[in-house]
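Student: I have a chain open on my screen and would like to go through it. Could we begin with the terms and then turn to the residues?

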Amino acid sequence: MPKIPVYQQQVSTATGSLSPRAGAGAFTAPGQALAQFADTVTQIADNFVKEERRDEDERVLSEFRSESNEAFTNQLLDDSNVIDNTSDAKIRNQEIKNTLASKIKGQNLNKRREKLLLRSLDLTASQFSLKGQQNAFTLGRAKKVDSNNKSLDIALEQISSSAEGSLEQQFQIDNVNRIYKSAELDGSSEKLNFTKEQFFKSVEAKSSETLIRGANDFERLETMRQSIAENPNITQDNKIKLFKQITLKKKEINEQSEENNLNKLITNTFEFSV
């Protein structure tokens with residue numbers, strides 16, 4: 001076998017035997033590692049930016065929610081004893097919403113954050129709009145019931161004091177019937193001071209009370225006592241009250257009669273002495 005020259009052998013032994021593939025990998029591996037590290041750093045930086053943006057979104061959104069909740073809550077409190085129909089409640093809610101929306105658009109926010117706040121406003125406004133309509137409906141119904149009760153009190157007085165079959169009496173009776181029909185339709189009849197049956201029984205009692213006040217002799221009062229006792233449209237409680245009123249009226253007639261007799265006696269005595 002031919003011998004390798006000493007110089008070539010020394011060079012070959014010192015450098016080692018490198019294939020073309022092995023040589024490329026040895027030189028490109030550090031570059032790939034550096035590129036991967038750079039990608040990782042970039043990704044971490046991007047994550048920081050995203051987290052900071054999300055944190056800022058949450059801060060701005062939280063502050064806006066507090067502001068919008070306060071604005072709508074104040075509106076409900078201001079309108080609680082004023083707005084008594086759902087249409088006006090919707091209008092008031094829209095006014096607050098428009099004011100807040102204008103404020104959002106005047107802050108020079110980026111489009112993404114502006115849309116975020118406007119979506120939050122839509123949700124909050126819808127929730128408070130429903131509350132406002134519920135409050136308005138409840139107040140309107142309460143006012144209607146109060147008005148109906150006042151109308152029934154007036155009708156009770158006028159029906160019981162009007163002449164039987166008069167136009168005034170018939171007008172009030174028709175009005176009472178309308179009130180009860182409307183209350184039955186909207187479910188508020190239970191909040192009226194009287195049921196329809198109780199109302200007309202009260203009319204009977206009130207009419208009897210008026211007649212008792214106008215009576216001026218015992219015979220008429222006794223006839224009324226008997227009529228009241230036999231009247232099925234007058235409750236037992238009202239009958240007891242009317243019987244007491246008859247007793248008081250008799251006492252009043254007696255006292256008036258005694259006073260008249262005394263006055264006559266004084267007058268006769270005076271005339272006799274003259």
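Tutor: We start with a definition: a residue is buried if its relative accessible area is under 20%, exposed if it is over 50%, and partly exposed in between, using a 1.4 Å probe and protein chains only. This is a predicted model, in which local features need pLDDT of at least 70, side-chain atom pairs count only at pLDDT 80 or more, and totals for chains, interfaces and linings use all residues. Residues are numbered from 1 along each chain as its sequence is written, and side-chain values use heavy atoms, with hydrogens and water left out.

Student: Is Phe72 buried or exposed?

Tutor: Phe72 has 0% relative accessibility, so it counts as buried. Phe128, at 8% relative accessibility, also counts as buried.

Student: How are the rings of Phe72 and Phe128 arranged?

Tutor: Rings of Phe, Tyr and Trp (its six-membered ring) pair if their centres lie within 6.5 Å; planes under 30 degrees apart count as stacked, over 60 as edge-to-face and the rest as tilted. By this rule there are four aromatic pairs. The ring centres of Phe72 and Phe128 are 5.4 Å apart and their planes are at 15 degrees, so this pair is stacked. It links distant parts of the chain, since Phe72 is in helix α2 (residues 20-79) and Phe128 is in helix α4, 56 residues apart.

Student: Which pair is edge-to-face?

Tutor: Phe194 and Phe199 form such a pair, because their ring centres are 5.9 Å apart and their planes are at 80 degrees. Both Phe194 and Phe199 are buried. Together with Tyr180 and Phe200, they form one aromatic cluster.

Student: New topic: how many helices and strands are there?

Tutor: The chain has eight helices and zero strands. Helices (H or I, at least four residues) and strands (E, at least two) are DSSP runs, numbered from the N terminus.

Student: What about the largest nonpolar core?

Tutor: A nonpolar core is a set of buried Ala, Val, Leu, Ile, Met, Phe, Trp, Tyr and Cys residues joined through side-chain atoms within 4.5 Å. The largest one has 14 residues, and those with the most contacts inside it include Leu152, Ile159 and Phe199. The elements giving two or more residues to this core are α4 (111-161), α5 (167-186) and α6 (196-214). Apart from it lies another core, of 13 residues, among them Ile96, Ala101, Leu117 and Phe128.

Student: What does Ile159 touch?

Tutor: Leaving aside residues up to four places away in sequence, Ile159 touches Gln169, Gln172, Ile173, Val176, Phe199 and Val203. Contact here means heavy atoms within 4.5 Å.

Student: Which residues of α3 are buried?

Tutor: In α3, the buried residues are Ala89, Asn93, Ile96, Leu100, Ala101 and Ile104. They cover an arc of only 140 degrees around the axis, which puts them on the same side of α3. The arc is that of the directions from the helix axis to the C-beta atoms.

Student: And what is on the other side of α3?

Tutor: There, Thr99, Ser102 and Lys105 are exposed.

Student: Where is Asn108?

Tutor: Asn108 lies in the loop between α3 and α4. At 73% relative accessibility, Asn108 counts as exposed. Its phi is near 55 degrees, a positive value in a residue other than glycine.
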